[in-house]
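Dear colleague,

I am handing over the structure that we spoke about, and below it you will find what turned up when I went through it. Please keep it open beside this email while you read.

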Amino acid sequence: MLQRMSGVFLGAFFGTVFVIAHAHAPLNPVLGNALRVLAVLTFAGLLTLARRAGRRGRPAADGPEVPRADWLQGKFAFVVGAEVALLIGGNVALREGGAPQETSVAWIALIVGLHVLALAAVRKRRGLAVPGAALTALGVTGLGMAATSAVVWVPFVSGVLSGMALLAGCAYAITHTYRSAVRPQDHGRGKQDRERLGTSVRP
């Protein structure tokens, strides 16, 4: 279970890092620290919930997940390499073009958002499309803000809010997995209880 959700954990980790790294001025220091603590607690809670799902759920891979995982694993190095090239190349281009330093986080949010959208299309998971679209929009918004007096807020918009969007998307995925793992057992217990009750009332 934990191994199959490694991508979700990675997304939650990066979301936490986004919040911790960018919850600074012009945010109020108290609010910034509160957001950092909330992000860390959320990440810890997701790890705990995933472990519980792993203990209560059915073991290992079944059905259509296996070939899809194999397909993604075969293309993973290429996808990551292309993403890193875009991140580095885009940031170099922004610096050469005289863009403010704050645009770096906006560019990262944009590329990560597009990556998540592509992953949602490949895996046919609509749940991934929501955080992917949110990160893409927040990245574009941050790049647009770079040319205005609101440039100092780019780390909050493209960094903190993007991190929170990632954490929310990962929370949805892990919660859904936990419910799916627990539901069959609860259903089985309910059936056993009904059978016992039926036995007890028979003459």
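Helices (H or I, at least four residues) and strands (E, at least two) are DSSP runs, numbered from the N terminus. This is a predicted model, in which local features need pLDDT of at least 70 and side-chain atom pairs count only at pLDDT 80 or more, while totals for chains, interfaces and linings use all residues. Residues are numbered from 1 along each chain as its sequence is written, and side-chain values use heavy atoms, with hydrogens and water left out.

Helix α1 covers residues 6-22, and its 17 residues reach 24 Å from the first C-alpha to the last, close to the 24 Å expected at 1.5 Å a residue, where the expected span is 1.5 Å times one less than the number of residues. Among the buried residues of α1 are Val8, Phe9, Ala12 and Val19; buried means under 20% relative accessible area, exposed over 50%, and partly exposed in between (1.4 Å probe, protein chains only).

Phe13 also lies in helix α1, but Phe13 is partly exposed, with a relative accessible area of 42%.

Rings of Phe, Tyr and Trp (its six-membered ring) pair if their centres lie within 6.5 Å, and planes under 30 degrees apart count as stacked, over 60 as edge-to-face and the rest as tilted. By this rule there are 3 aromatic pairs. The rings of Trp153 and Phe156 have centres 6.0 Å apart and planes at 80°, so this pair is edge-to-face. Ring pairs also link Phe13, Phe14 and Phe43 into a cluster.

Best wishes
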